[in-house]
Amino acid sequence: MRPLLHRIAAAGALCLILSGCQQSQDDSTIVLSAIGEAAGRADPVRGPMIFPDSVVMGATAQGLVRFDANGQVEPGLAERWIVIDDGTSYIFRIDDAVWPDGSPVDARQVARALNRVIAPGSRNPLAPFLRSVEEIVAMTPEVIEIRLSHPRPDLLRLLAQPEMAIFRPRTLVGTGPFRLEDATAPLRLTSAPVSDADIDGDDDGEAAPQIRLRLRGERASLALIRYREHLSDLVLGGTFVDWPTARASGVSDSDLQIDPAEGLFGLQIRNRKGFLSDPGNRQALAMALDRDAILDRVAGDWNPSETILPEQLNSAAPPAQAPWGTMGRDDRIAAAKAQVARWKAQQREAMPPLRIALPDGPGANLLWTGIGPALNGIGLPVLRVPLSAEADLTLVDAVAPFDGASWYLRTACGACDETIIAMLDAAVTATNTGVRAQYLAQADAALAQDAAYIPLARPLRWSLVRPRLGGFQRNSRAWHPLNHLRKENGS
């Protein structure tokens with residue numbers, strides 16, 4: 001009986017593989033997997049979106065601007081814009097866009113949607129970085145203005161994020177570039193036809209062929225199997241968690257694309273009580289971690305980082321180094337052991353284990369085999385807990401939505417000292433660019449001294465891409481618009 005079942009299963013798998021090969025050979029259809037839970041439609045004002053939902057939002061709705069394949073800003077709903085008043089006024093002209101029911105999009109609708117993002121009570125993850133927005137108004141049915149309290153050179157990159165897409169709140173329906181034809185898994189999406197005239201300005205241009213998508217949100221192991229067996233064309237959203245699985249899956253190295261992602265990957269202090277109340281103890285944690293050895297367990301060419309900022313950005317100073325930054329490896333370990341021993345000698349009771357929250361998955365397991373023993377080695381008891389559990393330290397793994405020091409510092413700052421939070425708040429309200437840069441530099445230096453965040457690396461983001469998707473480009477945002485998967489000539 002068992003051999004028969006095996007033969008039936010093998011025959012079924014062969015049928016799936018053959019049908020998948022036929023499907024992936026159809027250049028008009030792209031089958032893709034977004035790593036995570038089942039994909040659907042979500043409202044970013046209600047809270048952060050899971051990755052598959054952000055892919056759906058980015059495909060079915062667009063902001064005033066959006067990202068191209070290289071992670072650069074391109075027109076979205078707005079066909080053009082100007083910046084006036086020394087960078088405190090952005091004026092956008094809305095293109096001739098229509099909602100799926102055929103009704104035109106006007107500036108008043110766009111203004112309402114954007115004001116909803118910055119309204120009190122909004123849980124949109126980008127809302128804290130839009131506090132410089134004073135007013136969003138429709139000047140005419142085709143023109144909208146965003147007025148700022150001070151210049152924000154990174155505003156367009158913020159507006160290009162899927163969290164800033166314009167959609168109707170009740171239906172979560174936007175203006176494309178794709179339309180959701182069927183919400184059952186896999187989601188079926190079809191691009192709006194684009195004529196060559198829209199690209200070349202030639203009124204006699206012919207309509208470019210529509211692109212059809214089949215999109216699933218699923219765990220990495222299923223996505224990898226589907227791709228390896230030629231049942232899909234694209235896998236998006238890979239992180240360090242499933243990197244070991246990707247490397248062992250048998251997929252072609254030539255199909256594996258690693259983004260030069262910028263952002264944060266490290267341990268954030270969540271509790272400033274007990275052992276973690278002393279900044280010297282928090283520094284000891286940072287000194288104990290051999291970043292090269294820990295990261296090599298997950299990915300051999302993953303470069304470590306010991307600073308919060310990747311570069312100076314809009315701070316007045318280069319990235320702040322930790323007090324132990326110039327110490328050698330052995331000296332760091334010795335200093336960390338001595339610090340822990342001094343603290344323990346002053347305690348009357350045994351120290352409870354430090355709870356460290358990490359995600360599930362093989363990459364996180366390998367990360368823990370480096371972090372746990374390293375902290376044990378300086379005399380600290382530790383306990384791994386899920387990301388959803390109460391913890392003393394938690395892993396931050398996030399790609400930066402824009403190139404601003406404020407994002408890095410605020411994201412790193414979990415249980416921060418109040419003086420650091422005050423510096424960051426002062427940077428937000430400062431109307432002078434130089435003054436704001438000084439506040440950011442002071443906050444960066446204070447965070448390095450306070451050790452409220454322990455940098456380990458920059459985020460690891462990977463995708464699997466068939467050669468026929470020639471428009472795919474690696475970029476620092478690790479964001480890949482589905483309307484740019486093919487080259488402009490359709491190849």
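## Helix packing, cores and selected residues

Threonine 394 lies in strand 16, which spans residues 393–399, where strands (E, at least two residues) and helices (H or I, at least four) are DSSP runs numbered from the N terminus. The model is a predicted one, in which local features need pLDDT of at least 70 and side-chain atom pairs count only at pLDDT 80 or more, whereas totals for chains, interfaces and linings use all residues. Residues are numbered from 1 along each chain as its sequence is written, and side-chain values use heavy atoms, with hydrogens and water left out.

With a relative accessibility of 14%, threonine 394 counts as buried; the term buried means under 20% relative accessible area, exposed means over 50%, and partly exposed lies in between (1.4 Å probe, protein chains only). Not counting residues up to four places away in sequence, threonine 394 touches Gly266, Leu267, Gln268, Arg270, Ala357 and Leu387, contact being defined as heavy atoms within 4.5 Å.

Three further residues can be described in the same terms. Arginine 226, placed in helix 6 (residues 220–228), is buried, with a relative accessible area of 18%. Its contacts, not counting residues up to four places away in sequence, are Ser33, Arg216, Glu218, Leu231 and Ser232.

Glutamate 262 is found in the loop that runs between strand 12 (256–258) and strand 13 (263–269), and at 25% relative accessibility glutamate 262 counts as partly exposed. Although 214 residues separate glutamate 262 from serine 476 in sequence, their C-alpha atoms are 5.5 Å apart in space. Ser476 is accordingly listed among the residues that glutamate 262 touches, together with Pro310, Ala398, Val399, Ala400, Tyr408, Arg458 and Pro459, not counting residues up to four places away in sequence.

Proline 381 is located in the loop between helix 11 and strand 15 (382–386), and at 25% relative accessibility proline 381 counts as partly exposed. Leaving aside neighbours within four places in sequence, proline 381 is in contact with Met351, Pro352, Pro353, Leu354 and Asn376.

| Helix pair | Angle | Distance between axes |
|---|---|---|
| Helix 8 (residues 279–288) and helix 14 (residues 433–450) | about 85 degrees | 8 Å |
| Helix 9 (residues 291–298) and helix 11 (residues 362–376) | about 155 degrees | 8 Å |
| Helix 13 (residues 418–429) and helix 14 | about 160 degrees | 8 Å |

Helix 9 is roughly antiparallel to helix 11, given that angles over 145 degrees count as roughly antiparallel, those under 35 as roughly parallel, those from 65 to 115 as roughly perpendicular and the rest as oblique. The crossing of helix 9 and helix 11 is right-handed, a crossing being right-handed if the near helix is turned clockwise from the far one by less than a right angle, and left-handed if anticlockwise. Ile294, Arg297 and Val298 in helix 9 meet Gly363, Leu366, Leu367, Thr369, Gly370 and Ile371 in helix 11. By class, this contact has five nonpolar, three polar and one charged residues, where Ala, Val, Leu, Ile, Met, Phe, Trp, Tyr, Cys and Pro count as nonpolar, Asp, Glu, Lys and Arg as charged, and the others, Gly among them, as polar.

Helix 13 and helix 14 are likewise roughly antiparallel to each other, but their crossing is left-handed. Helix 13 contributes Ile420, Met423, Leu424, Ala426 and Ala427 to the contact, and helix 14 contributes Arg436, Tyr439, Leu440, Gln442, Ala443, Ala446, Leu447 and Asp450. These residues divide into 10 nonpolar, one polar and two charged.

Helix 8 and helix 14, by contrast, are roughly perpendicular to each other. Pro279, Arg282 and Gln283 in helix 8 meet Ala448, Gln449 and Asp450 in helix 14, and the residues of this contact divide into two nonpolar, two polar and two charged.

The largest nonpolar core has 56 residues, of which Leu64, Phe92, Val110, Leu114, Ile144 and Ile146 touch the most other members; such a core is a set of buried Ala, Val, Leu, Ile, Met, Phe, Trp, Tyr and Cys residues joined through side-chain atoms within 4.5 Å. A second, separate core of 54 residues includes Phe265, Leu276, Met287 and Ile371.

How values were computed: Axes are lines fitted to C-alpha atoms, for helices over the stretch in contact, and angles run from 0 to 180 degrees between N-to-C directions.
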